[in-house]
Amino acid sequence: MEVNGLDSDGRQFKNAGEMWREQIGEEGEGEQQQQHKKTQWYREGISYWEGVEASVDGVLGGFGTVNEADINGSEAFLQTLLSDRFPNAGKNQHLVALDCGSGIGRITKNLLIRYFNEVDLLEPVSHFLDAARESLAPENHVVSDMHKAVNFFCVPLQEFTPDTGKYDVIWVQWCIGHLTDDDFVSFFKRAKVGLKPGGFFVLKENIARTGFVLDKQDRSITRSDLYFKELFSRCGLHVYKSKDQKGLPEELFAVKMYALTTEMPKRVHKTRSKVQANRPCIIK
């Protein structure tokens, strides 16, 4: 990956390879030492979140006020995708979603459970998942008998493999930055098998203006749009639609939503061109 970047201390890297070699080792170090560094990378990331309160403000890094804008942006994007991909949704089609990096169930509770008959939650931090289970219990949160949270998996993304052909939508938000590039690719390759015909991923993430930014505190990497698209290509995924999130504080990273499919999007002849001039652009 020939993109330069920096870490949260301001140190610059010539490319992503240099950064990853430092963080998780390189081939010449020996397999055991590499595995130790990689295990340490993931352990420190989990440890960071284990020290965070299981609340909206906690999981949003002290910016709980962005919850409403985030959910509204996601809902508008999801509605467009469902009408495109599943025109019979809500009539006679039983829809199932997977919420990856679900945290306390914020996205499931405020969005996914209203559009999907079943939602499974995947979260490696146990006290977050306990809070989600309580919040989404039938006695505490009932949309209807036809919409419910079903499974609560306490498993990290890099170790999870979904059941074959189970999900219409796999939602991945504010968590993929904890995965190394190789684990990013292997996760999506495994997860593709979990999609039903016509199913798709939604990836919603912070976006670096260029290259990448390594956060040494929580062991995560914020990637640029170009960086993401190179990884999508390695995964065998195609960008079906994308959209910038609006209405977030200027001091935060820009946030982008990608709908990803396993098949190449069909080309549509446009009668007039559309120029997108605006995009969020703040980085730390």
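Helix H2 contributes the largest share of the lining of the largest pocket, 6 residues. Before I continue, some conventions. This is a predicted model, in which local features need pLDDT of at least 70 and side-chain atom pairs count only at pLDDT 80 or more, while totals for chains, interfaces and linings use all residues. Residues are numbered from 1 along each chain as its sequence is written, and side-chain values use heavy atoms, with hydrogens and water left out.

I begin with the pocket. On a 1 Å grid over the protein atoms alone, a pocket is an open set of points where a 1.4 Å probe fits, with protein on both sides within 12 Å along at least five of seven lines; its lining residues have an atom within 4 Å of a point. The largest pocket holds about 1200 Å³ of space, the volume being the space filled by probe spheres set on the points, which are joined across faces, edges and corners. Its lining has 50 residues, and Trp49, Val59, Trp174, Asn206 and Asp218 lie nearest the centre. Two or more lining residues come from each of helix H2 (31-50), helix H5 (106-115), strand S7 (195-207), strand S8 (212-215) and strand S9 (220-223). Helices (H or I, at least four residues) and strands (E, at least two) are DSSP runs, numbered from the N terminus. By type, the lining divides into 28 nonpolar, 13 polar and 9 charged residues. Here Ala, Val, Leu, Ile, Met, Phe, Trp, Tyr, Cys and Pro count as nonpolar, Asp, Glu, Lys and Arg as charged, and the others, Gly among them, as polar.

I turn now to the rings. Rings of Phe, Tyr and Trp (its six-membered ring) pair if their centres lie within 6.5 Å; planes under 30 degrees apart are stacked, over 60 edge-to-face, and the rest tilted. The count comes to 15 aromatic pairs. Tyr48 and Trp49 form an edge-to-face pair, because their ring centres are 5.0 Å apart and their planes stand at 90°. Trp49 is buried, at 18% relative accessible area, whereas Tyr48, at 28%, is partly exposed; buried means under 20%, exposed over 50%, and partly exposed in between (1.4 Å probe, protein chains only).

Phe228 and Phe232 are stacked, 5.9 Å centre to centre with 20° between the planes. Both residues lie in helix H8 (residues 225-235), 4 residues apart, about one turn of the helix, and both are buried.
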